Every structure is written in structure tokens, then in C-alpha cells.
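Biologist: I am new to this structure and would like to go through it step by step. Could you show it first?

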Amino acid sequence: MLNIPRDTLAWIIAKAREVEVKDVDTSDGETDGDDPLGVLEDRGDDASAHELRSWIEDLDDEGRAELVALFWLGRGDGGPEDFPQLKRQALASATRSTADYLLGEPLMADLLEEGLEALGISASEVEDEI
């Protein structure tokens, strides 16, 4: 049912979790080696977010539509029988960056997992791919 390779999907979910756990940057931009929690702050130059954004944007149109449809399915915008329609809707309504859209949504990783589960695909099995 999905055209996105499982290992790619697993990587996107794992990387989304990394990005989601980061706090808002409260520093003055200065970092030092004495701040072990500094890696958990979300900075504009965050490599994890840039890498995730790149992976999402490197998917073809159909892959990005599947990702959005999974997100919507996990959010409760339909049932498994609605997935093909959600995918068509995502493809037709893509007017901005898919990465911007998904990264701007809270709980992206959880909702992608819930979308997989709704389709009868074990999210833990997908995550075992990485």
C-alpha cells in the first residue's frame, strides 16, 4: 500500500522524534562545553531539522503525499479505507513545502506512527528497520 521504503519512513519518524524533543533556544547564541543540555535546544542551525527537511523534500511527489496522508490518518481525518483519497487530496493540495507543513505540526512522529497503525502496519516493526 505504501510506496515510501520502510527504512526511509523509519528514519523520518526517528529523526522527527529527535527534532520534537528539543526545547526552544533560550541561550544568547553562545555555547560552551559545560552545557550538556545545549544539544537539546532548538537552534536555527539545527542539523537534525535540516537533515529531516532534506529527506522529506527528496521524496517524490507521491512519497510526500503519502507522508501527509499518513499524518492526516494518524490525526483522525479518516479511516484506513480513506487513505487513497487522503493521498490524492494531499497531492492536489500541495501548495507549500511538505517539510515546512509537517515540521510545523506538533507530534509529527506520533501521528505518522498512528497513521501506520491505522493501516495495519506495526510502527515498531518499521522503526526496527533503522
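Modeller: Two residues are in contact when they have heavy atoms within 4.5 Å of each other. The model is predicted.

Biologist: Which elements does the protein run through from the N terminus on?
Modeller: The protein has 7 helices and 2 strands. Read from the N terminus, their order is α-β-β-α-α-α-α-α-α.

Biologist: Is Leu-116 buried or exposed?
Modeller: Leu-116 belongs to helix H6, residues 108-118. Its relative accessible area is 1%. Buried means under 20%, so Leu-116 is buried.

Biologist: Which residues does Leu-116 contact, leaving aside its neighbours within four places in sequence?
Modeller: One of them is Leu-2, which is 114 residues away along the chain, with a C-alpha separation of 9.6 Å. With those neighbours left aside, the contacts of Leu-116 are Leu-2, Leu-9, Ile-13, Leu-70, Ile-121, Ala-123 and Val-126.

Biologist: How far apart are the end C-alpha atoms of H1?
Modeller: Helix H1 covers residues 6-20. Its 15 residues, at 1.5 Å a residue, should span 21 Å. The model agrees with this, because the end C-alpha atoms of H1 lie apart by 21 Å.

Biologist: Which residues of H1 are buried?
Modeller: A residue counts as buried under 20% relative accessible area. Thr-8 has 13%, so Thr-8 is buried. The buried residues of H1 are Thr-8, Leu-9, Ala-10, Trp-11, Ile-12, Ile-13, Lys-15, Ala-16 and Val-19.

Biologist: Which residues does Thr-8 touch, not counting those up to four places away in sequence?
Modeller: Leu-59 is one of them; it lies 51 residues from Thr-8 along the chain, and their C-alpha atoms are 9.4 Å apart. Not counting residues up to four places away, Thr-8 touches Leu-59 and Trp-55.

Biologist: How many residues apart are Trp-11 and Trp-55?
Modeller: The model has 2 aromatic pairs. Trp-11 and Trp-55 form a stacked one, 4.1 Å centre to centre, with 15° between the planes. The pair links distant parts of the chain, since Trp-11 is in helix H1 and Trp-55 in helix H2 (residues 47-58), and the two are apart by 44 residues.

Biologist: Is the pair of Phe-71 and Tyr-101 stacked or edge-to-face?
Modeller: The ring centres of Phe-71 and Tyr-101 are 6.0 Å apart, and their planes meet at 75°. Planes over 60 degrees apart count as edge-to-face. The pair of Phe-71 and Tyr-101 is therefore edge-to-face.

Biologist: How many residues apart in sequence are the parts that Phe-71 and Tyr-101 tie together?
Modeller: Phe-71 is buried at 0% relative accessibility, and Tyr-101 is buried at 16%. Phe-71 lies in helix H3 and Tyr-101 in helix H5, so the pair ties together parts whose separation in sequence is 30 residues.

Biologist: Which residues are closest to the centre of the largest pocket?
Modeller: The largest pocket has a volume of about 240 Å³. It is lined by 15 residues, and the closest to its centre are Ala-90, Ala-94, Thr-95, Arg-96 and Thr-98.

Biologist: Which helix gives the most to the lining of the largest pocket?
Modeller: The lining divides into 7 nonpolar, 4 polar and 4 charged residues. Helices H3 (61-75), H4 (83-92) and H5 (98-103) each supply at least two residues of the lining. With 5 residues, the helix that gives the most is H3.

Biologist: What is the phi of Leu-107?
Modeller: Leu-107 sits in the loop between H5 and H6. Leu-107 is not a glycine, yet its phi is positive, at about 60°.

Key
Residues numbered from 1 in each chain as written. Predicted model: local features only at pLDDT ≥ 70, side-chain atom pairs only at ≥ 80, totals over all residues. Heavy atoms only, no water. Helix = DSSP H or I, 4+ residues; strand = E, 2+ residues; numbered from the N terminus. Buried < 20%, exposed > 50% of the residue type's maximum accessible area, 1.4 Å probe, protein only. 1 Å grid on protein atoms, 1.4 Å probe; cavity = no way out; pocket = protein on both sides within 12 Å on 5 of 7 lines; lining within 4 Å. Points joined across faces, edges and corners; volume = space filled by probe spheres on them. Nonpolar A, V, L, I, M, F, W, Y, C, P; charged D, E, K, R; others polar. Expected span 1.5 Å × (residues − 1). Phe/Tyr/Trp six-rings, centres within 6.5 Å; stacked < 30°, edge-to-face > 60°.
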